Amino acid sequence: MADTSHGTGGLTFDKTKRSLPGEINIFLALIIIVVIFEVLGQALPYMNGQSFLFDTQDRFDSIFNEARLRIIILQVSIIGIIALGVTQVIILGGIDLSSGPLVGATAMIVMSFAQTELVNGNPNPKAVFDWAFDLPVILPVLVGLAFGAFIGAINGSLIAFTRIPPFIATLGMFLICRGIAQAWTRGQPVSFPTESYATLGKSMNPVFWFIGLAIVLHFVMKYTLYGKHTYAIGSNEDAARMSGINVQRHKVRVYMVASMLAAFAAIILSSKNLTAQSGMGIFYELYAIAMAVIGGVSLTGGRGSIIGTVLGAMVFGVIQSGFTYVKLDAFYQLMAMGAIIISAVVLDKMRQERATSRR
């Protein structure tokens with residue numbers, strides 16, 4: 001017999017149906033994955049007893065392999081910024097496939113407003129505009145964010161007012177943004193930014209941007225009307241509309257925020273690389289969705305958290321680094337990542353069915 005106790009109004013609480021918060025489960029999964037790669041490092045003959053996480057050669061001041069940790073965090077930080085926006089879209093009950101190409105288009109546009117006039121004393125060989133040299137760093141940043149907001153407004157308006165499925169609307173924008181990226185300079189890269197612009201993505205700055213945005217958005221999603229309305233619409237759009245929420249306007253807002261975050265990721269990426277190329281952002285939309293899904297965000301909407309997505313990004317980064325660590329070929333890595341994404345969705349479906357059966 002289930003162990004129950006009476007609560008207010010005669011309601012009962014079944015202790016056997018308690019479960020750990022989703023974020024705890026993801027964190028435990030992260031630890032298990034690290035342990036698996038540690039064991040593989042010791043077990044595989046060609047690894048020669050290497051350690052995945054720890055410094056066994058006394059190269060660093062701590063017991064950890066600081067170089068690997070730094071690479072993992074840097075790898076996930078820029079795509080993680082995109083994932084923070086994608087998380088909100090999925091909680092809303094939508095999807096955004098345009099974020100990857102938006103990175104490429106924004107990077108090309110922004111870098112053309114962030115160029116320095118002279119390179120080693122000579123005119124900039126990659127100049128796009130003859131007048132847009134050595135501008136204050138805030139100007140290219142604002143241009144990028146404005147472009148992201150514009151793309152997000154189109155996505156959100158199409159989905160909210162024409163009732164086009166989010167998959168189709170953002171798939172169309174996927175192609176449009178990739179075309180913009182290629183047409184901006186006829187496929188030529190744009191390079192040589194100002195020093196102030198280059199500072200945005202220098203060293204570990206992408207990690208600080210990611211963590212800072214994650215903290216802010218965690219509180220926004222948990223404690224503000226914006227977050228509560230997002231969860232409400234994702235859980236039951238009709239009920240949210242009847243409760244007085246302007247569903248259409250809120251959808252546009254969420255897609256605008258998501259696209260602005262993707263545009264900001266493009267700014268940081270182009271600053272970090274000191275160049276912009278039309279091919280930037282390939283697969284980024286899929287990786288961002290994977291981070292959110294691995295982090296416990298339900299593809300049916302209404303459930304998930306920013307903290308879960310951050311942990312999902314870390315799981316994603318550890319898996320990528322681990323595959324490289326055990327010298328798994330790149331094409332096998334793609335196949336394995338695809339299998340992991342499918343597994344995460346299957347687990348989410350099983351969690352929903354189990355939760356439904358308990359009601």
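**Ground rules.** I number residues from 1 along each chain as its sequence is written, and I keep to heavy atoms for side-chain values, leaving out hydrogens and water. Because the model is predicted, local features need pLDDT of at least 70 and side-chain atom pairs count only at pLDDT 80 or more, while totals for chains, interfaces and linings use all residues.

**Entry 1, ring pairs.** I looked up the aromatic pairs and found twelve in the structure; rings of Phe, Tyr and Trp (its six-membered ring) pair if their centres lie within 6.5 Å, with planes under 30 degrees apart counted as stacked, over 60 as edge-to-face and the rest as tilted. Phe37 and Phe323 make an edge-to-face pair, at 6.1 Å centre to centre and with 85° between the planes. Phe37 sits in helix α1 (residues 22-43) and Phe323 in helix α12 (residues 306-325), so this pair ties together parts that are 286 residues apart in sequence; helices here are DSSP runs of H or I with at least four residues, strands are runs of E with at least two, and both are numbered from the N terminus. I then checked burial, where buried means under 20% relative accessible area, exposed over 50% and partly exposed in between, with a 1.4 Å probe and protein chains only. Phe37 is buried at 6%, and Phe323 is also buried, at 13%.

The ring centres of Phe113 and Phe129 are 5.2 Å apart with the planes at 40°, so I noted the pair as tilted. Phe113 lies in the loop between α3 (99-112) and β3 (118-119), and Phe129 in the loop between β4 (122-123) and α4 (138-161), so the pair ties together parts 16 residues apart in sequence. Phe113 is buried, with a relative accessible area of 16%, whereas Phe129 counts as partly exposed at 22%.

Ring pairs link Phe37, Phe52, Phe323 and Tyr325 into a cluster.
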